[in-house]
Structure formats: structure tokens, C-alpha cells
Amino acid sequence: MKFDFLGLKTLTVIQKTLDHLRQSGREFSIKEIPLDDRETYELLSSGQTTGVFQLESAGMKDILLKMTPNRFEDLIALVALYRPGPIGSGMIDDFIKRKKGKVAVKYDLPQLKEILDETYGVILYQEQVMRIANKLGNFSLGQADILRKAMGKKLDDVMAKQKEHFMAGAAKNGIPEKKADKIFDLMAMFAEYGFNKSHSAAYAYVSFQTAYLKAHYPVEFMAATLSADMNDTDKIVKSISECRKMKIEILPPDINESGSEFRVTGNAIRFGLVAVKGVGQAAIESIIEVRNSDGPFGSVADFITRADSRKVNKKVIEGLVKAGAFDSLGISRSAAMNMVADTLNGNGKTKNTDQQSMFGDESSVPDADTAEWDETELLMHEKEALGFYITGHPLTRYSQILAKMKAKRTSDVEVASDKEEVVLGGILRSVKKKNVKSTGDMMAYVTLEDDEGSVEVIIFSELFKGVNMLIKKDALVLIKGSIDRDEKGARVRAREVVRLDTAGLNGFKRIEISLPGTASSGERMKEIRSLVSEYPGDCQLYLKIRLNGIQTLIATDIGLKPDKMLISSLETMAGSGAVTFS
């Protein structure tokens, strides 16, 4: 007898979700979930399965949308079908058409209905092959297993003998020879793709459990998923993106609220201190111990004074500041960073200064009102400290441009066809330039990252010559190219690379500026008119005025040309995100 023991991370996710529920006073048994739960099947049918075991790939989501599973047997079948053989043979499309009633389900013999009814007449499982052999051909279960192995491994000599046995048994059961021959050939054809149903059912059950938790306890489930994926940046990025789609707020780590791992705070998820780079377990345990024994930290200075400097050094504190761990204390990150620099020397130990006067009166701390870093710098530091963004994303301000250009997400590349043309927007997270030996010209391999993951892009020498000035780490770019797929996966061959902030601007016909009533004074309107007059063009300007809860849209007679500097200047006047295009 053979046993397979699989170390599934998903089981840890389930347990962590239950722990979160228990901590909030809700006891729940995962073994008692109903397998006919409507909300779970609605979630599965919507394809919103990021984090759901076996069902989170882009390809699987696409099949879920087409299949709309509504019973547990569909889920078992789906796990068995999502393999190269069935995908390549068209079995999945055939299965879905049968389930949807687009193709009639017919059985060559009435006896087959009982065996194949749950898979809509398709021979999908190895157990079905064995049952057909047993019921129609009078095989014992042991003999049926020999037939299954022979069909799966295409053992022609064994198959020939097994066919004689099957035909003889079918004849005794009164089955016409032609039908018996056809059924045996069908068994042989499908056995090539046949999957072990018991294996598929076990996986489908874990899939259903995770889907159920996500449907009914989304915050707890996503917190558990984030904790389990803490060492995988790409998965964390995808999970954060999923949380935003689910309207779950992601909060930065906090020195007074965070534990080591992710925590549930109402309808939000609080990052754990372990997420901050350079903050080891010893430092985390020290911070939590001091906080538990002496109470919450009241200020950056209080934290520096009470923390064990042997474990919580300058680098650790700076990482916490950049990650936003001191935000709840009412001080900007830039001011907090200045305080750390002023308070600690290069060795991470408190300076030998008059600490009583410095820390005794918080109002005496210099630069406490220092202006916050601008969005770009704040996000840069956040990425440096965590490896990903929490409070925002550099691509957000370009969402209209990306939508207009019909840009795909990096996660879409996974299921795109070979040679398919794609447009992608993102940040160049790594750039590797190399010489082409045959010509001596330069080319580049870059990693393009967006808010759902990353993908490798190849920029060949001919294109690289014209765009080499753009190919720099952290550059925001729009890339047009085609999918290059091999056995290792998919990457993109670039055909065009342009700056994201200027991509496609000329195609817009209308620009709107949203202004609160306080910002629509005569003086401010003069400033706006003066500014836009420097960029004449065909894009009509509209003003959206909000005053006393009433919004008014005003069409102007001004035509302008969208430009990066114009947008930046207008948003300086009206606020970030106030300028939109259509």
C-alpha cells in the first residue's frame, strides 16, 4: 500500500483563519461546512478565487467563469480537468457545454448513466474506467485495475488481452458487439487523460473549504493568507490587490497594534512587524514584551528610550518609520525619520545628551511638524522597507491611461496565448543589460511590475538603441509587445517602450478638473486660465465645481493639449487625482 503525505500550506491558512475567528469570540468547525453553500458557489462562479487552493491561477479563474460550478461534483471534475492533457484535447470545453446543456448528454447504454452522470457522460476518472469494466465486462476490481494501468501506460500487448476479456464479459451481459467495441475504445481514449477521483476529491474538498472561508469570513481568511505568504513578495502583492478589490483596508504595521504576523482589526488587516525588512524575530519579541509590560508607546522618543537597543537598533527603527509603524502617533514619517537621526548616533545607541529635556517634553522635540514626504518618496520608502506598497501604488494615477490603452495586468500574461499582442504598464523593478556576442550591440532583460505581480520582458538590440535612456530601474513605462511562451512559462518580447506619463495622452477629447468651492475663487480661476493657455490644443476643458454638497459641471471654451507638466501643475493647484481625461 502506498501513502502520499503532502505538506500543504493551505492547511496552515485554514488553521490561521480559525484562530482569527476564535480570537474574536467566534467558534467555528471547518468540518461542518455544508457542501451546498450558495455563497461559496457564487464566489467560485465569479472567479474571485485568489487565495483559494488550486483555483487561483488566471486559467482556472477563466474556466470557473465559464463553468459556474453549483455542486461539489463539479469542483472534483474541475480539479481533474485542469491538466495539460484535458486542456489540449478540448475535454474542458466539451464538459462545460454538456453541463450548460449546449451539447446533449447521451449514453450508449443505460448502465453507463449511473457511472457517468456526475461528469455529464464524459469518462473523466480512472475509477469510472474500472466501474465500466466491472459492470459491463464482468471484471473483478483487481482485474479492472490491471486494465486501468494498461490503458494509462498504453501497454498494447496487455490491452489486447484485456479487450478479449471485456468483449467476452459484455457478450454474457447481452451487450451488442459493436457497442462493446466502441465503449472499450472510448475507455482507452479517455484513460489517457483519466485522473484518480479520490485524489481530486480530496483536493476539491480543501478548495471548497478555502472558498467557503473566503466567502463567509473574508477579512480573517485574507489575513491568514497574507501571513502564510509572508516570504513570497509576488503573492503578497497579489493578495494586497485582492484585498483592495474586496474593499478590505490594508493598514501599515503599527508599533502599538501589530503582532508578529498579520492581524484582523475590524474590517481591516493590520500588517505584522515581521513584514518590515531587517526587523528580526528577536527585535519583534523585544518590542512586544516592552509594550505588554509597560504599556503602549506614546511617541518616537518614548519608543527609542524604552526599546532594547541591543535588538532594536537604528536600522530597525528607520525601517519601522518607512513602513508607517509610527503613523498612529500623529507624526509624519519624514518628521519621525528626522527625530531618529537626531536622537541616535551611527551605532544605534542613544546619544549622551540631555535626554530628560529632549524626551521629557514632547513639544520640545525639533521638527515635529516637518512636512510629509511627497507621495512618490513616501511610496519609495514604503517599498524599500516592505518590498511592496500598502498605502498606494505609483500606477494608480495612470489608471486612465492604462485603461485607454487597453493594458493588461502582468497576471494576464500567465494565460495569454503564444505570440499574442499585449500592452502592459508598470515599473521596471530590475534591469539587466548585456552585449549581443554576434554584433556587440546592447539588449536588456527587465522585470516589469504592476500591482498584481511581475513579468520578464526582453528588449532586443534594435529597439534598445532607441529607448536605452528609458530603461532604468524604477522607471514607469508602457510596453507593447508579444507573448513569448516556452516550457518555462511566458515572457514578453517588447516592440515599443514609452514613458507611462506621456503614453496615449493625445487621444483624449476632454479634460475635467474637480475643484472644491473653496478652490474656485476668481483668483484661482485666473491662475488655471493662465496655466492652460500655455498648452493650446483640441482637448476641451471642463470644470467640476463642488460647493455645499452640490456638484456643477461647467464647459469652457478652452482647448488644450494634455501634457505631463500641465497635469502636474493642475494637480498642485486642485489636489492629487483632480484631473481626469476621457
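pLDDT is the predictor's confidence in each residue, from 0 to 100, and in this predicted model the protein has a mean pLDDT of 87, with 92% of its residues at 70 or more. Residues are numbered from 1 along each chain as its sequence is written, and side-chain values use heavy atoms, with hydrogens and water left out. Because the model is predicted, local features need pLDDT of at least 70 and side-chain atom pairs count only at pLDDT 80 or more, while totals for chains, interfaces and linings use all residues.

**Confidence**
- Confidence is highest in helix α2 (residues 38-46), at a mean of 97, and lowest in helix α19 (residues 355-360), at 40; helices are DSSP runs (H or I, at least four residues) numbered from the N terminus.
- Over residues 351-366 pLDDT stays under 50, and the model has 21 contacts beyond four places in sequence for them, a contact being heavy atoms within 4.5 Å.
- Where pLDDT is low, the predicted coordinates should not be read in detail.

**Helices α2 and α12**
- The axes of α2 and helix α12 (residues 197-216), which are lines fitted to C-alpha atoms over the stretch in contact, come within 9 Å and cross at roughly 100 degrees.
- The two helices α2 and α12 are therefore roughly perpendicular to each other, a term that covers angles of 65 to 115 degrees.
- Among the residues that meet are Tyr41 and Leu44 in α2 and Phe208 and Tyr212 in α12.

**Leu386**
- Leu386, in helix α20 (residues 375-386), counts as buried (under 20% relative accessible area, 1.4 Å probe, protein chains only) because its relative accessibility is 3%.
- Beyond its neighbours within four places in sequence, Leu386 is in contact with Pro253, Ala275, Val276, Lys277 and Ala323.

Definitions and conventions. Axes are lines fitted to C-alpha atoms, for helices over the stretch in contact, and angles run from 0 to 180 degrees between N-to-C directions. Angles under 35 degrees count as roughly parallel, over 145 as roughly antiparallel, 65 to 115 as roughly perpendicular and the rest as oblique. Buried means under 20% relative accessible area, exposed over 50%, partly exposed in between (1.4 Å probe, protein chains only).
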